[in-house]
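Have a look at the model first, then read on.

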Amino acid sequence: MASPGNATMSCGFLLQGFSEFPHLRPALFLLLLTVHLATLGGNLLILVAVASVPSRPPMLLFLCQLSAIELCYTLVVVPRSLADLAAPGFGKGSPISFLGCAAQMQMFVALGGAECFLLAAMAYDRYVAICHPLRYAAVVTPGLCARLALACCLGGLAVSVGLTVAVFHLPFCGSRLLVHFFCDITALLHLACTQSYADELPLLGTCLVLLLLPSVLILASYGAIAAALRRLRSPQGRRKAASTCGSHLAVTFLHYGCATFMYVRPKASYSPRRDRTLALVYTNITPLLYPLIYSLRNREITAAIRRVLGRWRGRAEGWVRVCEP
C-alpha cells in the first residue's frame, strides 16, 4: 500500500486559485493581466535604459539586476495564474505535478532570497558612496559588483534548494487542494499532516539567513550613513545624500515588510484564504511599484528612460513619415 507521501508524489496537487469565485474570474483576469503587462514593461524599460547608458555607475548595475530579478519573479507566478483564471474547465482547482510544484516554489524562494541579498549589497554601495566618497571608485569596482551579484544569486539558490528539499520531504495526507494560486511555502506547510514544531525549523532557518542576516547588514550600513549625515554641515549636501537612499529604503521596507509578515510566524497562525489575498498583493503590486519608485527618485534612471523613450518616439515618427503617401 502506498504511503501518503508517495501518493502525493504520484498525484501532485490542486491549485484552487480563485475557482470559488467564478463570477469574479473575468474581472480578476483582466486586472492581473494589466498589472502584469505594466510590471513587465516597467522593468524591461529600466533594463533597456541602463543598457543604453555608456558608463554605468555601480548603483545602476545593481538596479539592473534588481529589475531582472523582479521580471523573473513575476514570470514564475503570474503566467500560470492567468492561465488558470482563463481555463473554464477546472472546478475545484488546477492540477500541478509534485515536481512542478517543487520547481515553482524553489524558483520563487531563490529569486526572493537573491533580492534580499541584493538589497544588502545596495546598502553597502550607498554606505561607501556617502561615508567614503573619495574611495568609492576604487572600492566599488565593476568587478566587485559582478562578484556581489553572483554571490546574491548563488546564496538565494542554495537556501531555496535546502528549503524545498525540507518542505517536500514532509508527509502530505488528506486533501491535495492548495488554497492558493501558486505553490507557496505557507500553503504547503498548512497541507502537511504534521503538528511538530520541528517541521517549521527549515522555514525558520531560511528566514534567519534571508531576512535577519541581510537586515543586520542593511541596518549597520544605514547606521553609519546616519552618523555621517549628522556630521555634514551643509543642509543641501545632507538632503542630496539622503535622497540617494530614499528609493532603496522604500524598496527595502516593501520587500522585507511583506516577507516578514508572511513567513516569520508559526504554522498555527496560517490562514490560507488571507495568505492567498496577501500573496496576490506582494506578487503583483510590489513588483509594479519598484520601477515607479526608482524612476521617480533616481535622476540617472529618469534621464536614461527619457533618452530611450525619445529615441523610440523619433523612430516611430520616422516610420510614419515613410508610410505617408
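By class, how many nonpolar, polar and charged residues does the lining of the largest cavity have? The count comes to 16 nonpolar, 5 polar and 2 charged residues. Keep in mind that this is a predicted model.

**The cavities**

The structure holds 3 cavities of 30 Å³ or more. The largest cavity takes up about 320 Å³, and 23 residues line it. If you want to find its centre, look for Tyr73, Gly112, His255, Ala259 and Tyr263, which lie nearest to it. Helices H3 (58-86), H4 (98-131), H8 (201-231), H9 (235-263) and H10 (272-297) each give two or more residues to that lining.

The second largest cavity has about 120 Å³ of space. Of its 14 lining residues, Gln16, Gly17, Phe18, Asp84 and Leu85 come closest to the centre. Helix H2 (25-52) and H3 each supply at least two residues here, and H3 gives the most, with 3 residues.

**The cysteines**

Now for the sulfur. A disulfide is a covalent bond between the sulfur atoms of two cysteines. Searching the whole structure turns up 1 disulfide: Cys101 pairs with Cys183, with the sulfur atoms 2.0 Å apart. The link between Cys101 and Cys183 is left-handed, at -125 degrees about the S-S bond. Cys101 sits in helix H4, while Cys183 is in the loop between strand S3 (177-178) and helix H7 (185-191), so the pair ties together parts 82 residues apart in sequence.

How accessible are the cysteines? Here are four of them, side by side.

| Cysteine | Relative accessibility | Class |
|---|---|---|
| Cys101 | 0% | buried |
| Cys183 | 0% | buried |
| Cys145 | 5% | buried |
| Cys258 | 25% | partly exposed |

The cut-off for buried is under 20% relative accessible area, so Cys145 counts as buried at 5%, whereas Cys258 is partly exposed at 25%.

**The annotated spans**

An unreviewed UniProt entry places the feature "transmembrane region" at residues 28-53, 59-78, 98-124, 144-170, 203-229, 241-264 and 276-296. What do two of these spans look like in the model? Residues 144-170 are 89% helix and 0% strand, and their end C-alpha atoms lie 40 Å apart. Residues 203-229 are 100% helix and 0% strand, with the end C-alpha atoms 37 Å apart.

Methods. Residues numbered from 1 in each chain as written. Predicted model: local features only at pLDDT ≥ 70, side-chain atom pairs only at ≥ 80, totals over all residues. Heavy atoms only, no water. UniProt positions renumbered as here; feature names shortened; annotations may be inferred. Helix = DSSP H or I, 4+ residues; strand = E, 2+ residues; numbered from the N terminus. 1 Å grid on protein atoms, 1.4 Å probe; cavity = no way out; pocket = protein on both sides within 12 Å on 5 of 7 lines; lining within 4 Å. Points joined across faces, edges and corners; volume = space filled by probe spheres on them. Nonpolar A, V, L, I, M, F, W, Y, C, P; charged D, E, K, R; others polar. Disulfide = S-S within 2.5 Å. Buried < 20%, exposed > 50% of the residue type's maximum accessible area, 1.4 Å probe, protein only.
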